[in-house]
Amino acid sequence: MTSIGEALLLKTAAEHGVPGPVARELLARCRPCLYLVRDTEVPESLREHIHPAARTGGLPALPDGVDWPEGREPLMLSVGCAALPRDVLDIELPADGHLLFFTEISYPPERSAVLHVPAGTRTSDRSATYELSDKTMETKVYAPRTLYPVPGLSIEQDGEEGPETCAFVDGDGDNAREALESFEEALLDSARRYADLRFEQQT
């Protein structure tokens, strides 16, 4: 699931005072991810190789005959699938075209929609204004910003901690939690550096 080898995992855990079984439980809660960030947040090591892959906000470019999704939630994000690095995620995404994400900025959102527009499809921008009950309404349009894909690792924070982790924290309290926090940071940093190297090799 992740690119972190067991030897590196256990070495990093030992450096931070985290037992091996606890480290393995933490790794089981990890998944590879892609952070979509602005140009100022792109790591120096990737600047020569990275290309834009997404955009926040703006108006949706939709195929002929396709309108805003029902509910007219704002366009939050457009992702160019072909611009994403390959073999980074553990989920299937379209190889080309664009994914359009419509939703309100709220948690949880009342409604949301994702549309895939295949590559080569004739599209045009949809207007933000529309008529409803003889009134002219306008869908919120967020400012467009270009985003770049940075490989990384995410840790499930809402799930229950495993028995080894609970025993470790119960036995050493705040010291154990501090050790776990520093270990998590080191683990994420190691995963990012490994992913950066893989990304450079693919571009």
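I started with glutamate 44, which forms a salt bridge with arginine 47; the closest N and O atoms are 3.5 Å apart. A salt bridge here is a side-chain nitrogen of Lys or Arg within 4 Å of a carboxyl oxygen of Asp or Glu. This is a predicted model, where local features need pLDDT of at least 70, side-chain atom pairs count only at pLDDT 80 or more, and totals for chains, interfaces and linings use all residues. Residues are numbered from 1 along each chain as its sequence is written, and side-chain values use heavy atoms, with hydrogens and water left out.

I looked up accessibility next: glutamate 44 is exposed at 65% relative accessible area, and arginine 47 is partly exposed at 38%. Buried means under 20%, exposed over 50%, and partly exposed in between (1.4 Å probe, protein chains only).

How many salt bridges does the structure hold? I found 5. One of them joins arginine 122 to aspartate 64, with the closest N and O atoms 3.6 Å apart. This pair links distant parts of the chain, 58 residues apart.

My last stop was glutamate 73, in the loop between β3 (61-63) and β4 (75-80); strands (E, at least two residues) are DSSP runs numbered from the N terminus. Is glutamate 73 buried or exposed? It is buried, with a relative accessible area of 3%. Glutamate 73 also forms a salt bridge with arginine 111, the closest N and O atoms being 2.7 Å apart. Arginine 111 lies in the loop between β5 (98-103) and β6, so this pair ties together parts 38 residues apart in sequence. I noted that arginine 111 is partly exposed, at 45%.

How values were computed: Helix = DSSP H or I, 4+ residues; strand = E, 2+ residues; numbered from the N terminus.
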